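Please walk me through this structure as a tutorial, taking one feature at a time.

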Amino acid sequence: MAGAPHTVHTRRGATATLPCVLRALPHNYRVKWSKVEPANYGESIIIITNGLYHKNYGPLSPRVRLRHSHRYDASLTISHVALEDEGRYRCQLVNGLEDESVSLTLHLEGVVFPYQPSSGRYKLNYPDAKRACEQQDSRLATYQQLYKAWTEGLDWCNAGWVLDGTVHYPIINSREPCGGRLLLPGVRTYGARDKQKDRFDAFCFTSALQGHVYFIRGHLNFKEAAQACRNHGAAMAKVGQLYSAWKFSQLDRCDGGWLEDGSVRFPITTPRQRCGGLPHPGVHSFGFPSKDRRIYGTYCFVED
């Protein structure tokens, strides 16, 4: 079996093909595609075929098909790629005597961001963190996604949950309040924690948008901001949508704007003196001001 390249890069909403080509067609063979699920140490079957007929299984079922560009082609095509599709897949030739398999990784391009709710720091147990990310058009980041974000410059003092139920925080500049100056830079870990009792922040991951984010000027309170977006046939942007627009569409504005969760943020791709004086690109936050304040505009999201 041939399956190179072993990592396929894609974005949310795209169509991705995981290559798997058979070298021979043994008598009574079957091909089984599955997704490796590290959380429960198992695999979820996606599709089984004998070359003539196939059967789809599980939540991916409506979005997967076999490419079949020739008789040896057992490649898997996933349409409308979703955040939860990232991970490791296995194409297995089952012929009763010698099973063969090839493993491939589907990697989504995206951005990791730290998240805490309006109630403050370290308020989320694991189910809360999972839900909080999903409410912001994202999902809990994997450890690998957090590590990659650290290599790209993510430096954050608050510890947060990741998808496998462990807790970490990424540090580039060692400093006193963040474990001290003597510890080396890196993704520091608290290890696996009690998913119900222990409370931290969350690290969320999002990818490309099927739509766009734009800013409406004004001195609006939260309720007026929501109405301003609705008047344009849009909705207030979620935090993940603003990060996605910053990452993939280079959204760059000096103006603080309300978001759906009640926070006020602004995205900067080109740092400049009269724009908060912040040295690094990123989505910057004013926290969660009183919803009655009439100082800010709003960021809206409209689907394509």
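**Reading the annotated spans, a helix and a sheet**

A: The UniProt record, an unreviewed entry, places the feature "domain: Link" at residues 111–206 and 207–302, and such annotations may be inferred rather than shown by experiment. This is a predicted model, in which local features need pLDDT of at least 70, side-chain atom pairs count only at pLDDT 80 or more, and totals for chains, interfaces and linings use all residues. Residues are numbered from 1 along each chain as its sequence is written, and side-chain values use heavy atoms, with hydrogens and water left out.

Q: How far apart are the end C-alpha atoms of residues 111–206?

A: They lie 6 Å apart, in a span that is 20% helix and 29% strand, where helices (H or I, at least four residues) and strands (E, at least two) are DSSP runs numbered from the N terminus. For residues 207–302 the end C-alpha atoms are 16 Å apart, with 22% helix and 31% strand.

Q: Which residues of helix H2 are buried?

A: An α-helix has 3.6 residues a turn, so residues three or four places apart point the same way. In H2 (residues 143–151), Gln 145, Leu 146, Ala 149 and Trp 150 are buried, that is, under 20% relative accessible area with a 1.4 Å probe, protein chains only. Seen down the axis of H2, these residues fall within an arc of 140° (taken from the directions from the helix axis to the C-beta atoms), so they line one face of the helix.

Q: In what order do the strands of the open sheet run?

A: Strands of a sheet pair through backbone hydrogen bonds, either parallel or antiparallel. Here three strands take the order E2-E7-E6 with antiparallel pairing, where pairing requires that DSSP finds at least two bridges between two strands.

Conventions:
Buried < 20%, exposed > 50% of the residue type's maximum accessible area, 1.4 Å probe, protein only.
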